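Please keep the sequence and the 3D view at hand while reading.

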Amino acid sequence: MNREITLLKLGGSVVTDKGGSGAIDHARLAEIAGVIAQRPEQRLIIVHGAGSCGHPEAKHYRIQEGVGPENRAGVAVTHEAVAVLNRAVVAALRANGVDAVGIHPLAGCHADNGQLICCECISITQLVRLGITPVLHGDVVTDMSRGACIISGDQIIRYLAVALRAGRVGLATDVAGVLDGGAVVPAITRDTVRHLSIGCSENTDVTGGMRGKINELLALADEGIESHIFHISRTADFLDGKDHSGTIVRR
Ligand SMILES: Nc1ncnc2c1ncn2[C@@H]1O[C@H](COP(=O)(O)OP(=O)(O)OP(=O)(O)O)[C@@H](O)[C@H]1O
Ligand SMILES: C=C(C)CCOP(=O)(O)O
């Protein structure tokens, strides 16, 4: 049996209506939870994005420009928006029989100039050993130079993948992979990415959309860990180690 840790990011674009405001897609969550519940042998850590539960709040309070007395109210508002989504993700998993528990990065992670520099991992590893699925998320965290900042779920994925030497890293989103002229690019490296046009998200996104994701995953590839981007409907294929028709980011 493969006992390596698998990291799965559920994009905010698939667990919320990213164009809406705070709209959680409960039907989609139930579907994903069903797929995960059918694979109890996996040692899984889930990280989800914020979608419309956090990005609009972070933008409204200008969290990425730094936090001081004038906008500090945005820390609680933004965190609560994404914490509500986290509770919905955990509830969907638990309703399907997955022993999932929510973990808020605000409590155990710290950044400097927008970059995640430390994250409490001992408890996460121990939960996985117990057969429990930790569910983290992009969040507002304290920042040494900015007071506080937003770190994406993609940054957390990168950090955990390196810290825990994850065996497999997958990011499920609302597109089939990284697209070039409408077609999926099967593999990306630092060399080939220069020829591609990769943008942000069409919706409110303070963490850089697909461009931000690729930057994190290329940094992960530099550490020798490859990652997979695929459409949410191919999550079962990724978890089973089958072809997901998406993009592999590698060194
Ligand atoms: N070359 C590209 N290939 C694929 N998607 C792209 C490209 N350029 C820009 N995008 C946009 O990136 C979006 C996916 O990134 P996004 O950050 O929204 O994903 P997510 O991880 O699901 O969401 P979140 O960041 O809220 O967790 C796509 O919906 C698309 O609009
Ligand atoms: C906006 C917040 C709170 C987190 C952003 O995480 P992401 O959706 O993974 O980019």
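The points below cover the annotated positions, the surroundings of a ligand and the sheet.

The model is predicted: local features need pLDDT of at least 70, side-chain atom pairs count only at pLDDT 80 or more, and totals for chains, interfaces and linings use all residues. Residues are numbered from 1 along each chain as its sequence is written, while chains are lettered from A and ligands numbered from 1 in the order in which they are written. Helices (H or I, at least four residues) and strands (E, at least two) are DSSP runs, numbered from the N terminus.

**Annotated binding site**

- An unreviewed UniProt entry annotates Lys9, Leu10, Gly11, Gly12, Ser13, Gly51, Asp174, Gly209 and Lys213 as "binding site"; such annotations may be inferred rather than shown by experiment, feature names are shortened, and positions follow the numbering used here.
- These positions span 205 residues in sequence, yet no two of their C-alpha atoms are more than 13.8 Å apart, so they gather at one spot.

**Two of the annotated residues**

- Glycine 51 sits in the loop between strand E2 (43-48) and H3.
- Glycine 51 counts as buried, with 32 C-beta neighbours inside 10 Å (buried means 20 or more other C-beta atoms within 10 Å of its own, exposed 12 or fewer, partly exposed in between, with C-beta atoms placed from the backbone).
- Leaving out residues up to four places away in sequence, glycine 51 touches Gly12, Ser13, Val15, Thr16 and Lys18 (contact means C-beta atoms, placed from the backbone, within 7 Å).
- Aspartate 174 lies in the loop between strand E9 (168-173) and strand E10 (179-180).
- Aspartate 174 is partly exposed, having 15 other C-beta atoms within 10 Å.
- With residues up to four places away in sequence again left out, aspartate 174 touches Gly11, Ser13, Val14 and Ile232.

**Shell around ligand 2**

- Ligand 2 is surrounded by 17 residues, the closest being Gly49, Gly54, Gly138, Ser152 and Gly153 (a residue is near a molecule if its C-beta atom, placed from the backbone, lies within 6 Å of it).
- At least two residues of this shell come from each of helix H3 (55-60), helix H4 (73-95), strand E7 (139-143) and helix H7 (153-163).

**Sheet**

- Eight strands form an open sheet with mixed pairing, in the order E3-E6-E2-E1-E9-E13-E14-E12 (two strands pair if DSSP finds at least two bridges between them).
- Strand E3 (100-102) and strand E12 (187-188) are the edge strands, each pairing on one side only.
- Strand E13 (residues 227-231) and strand E14 (residues 247-249) run antiparallel and are joined by three bridges.
- Histidine 228 has isoleucine 248 in E14 as its bridge partner.

Technical notes
Two residues are in contact if their C-beta atoms, placed from the backbone, lie within 7 Å.
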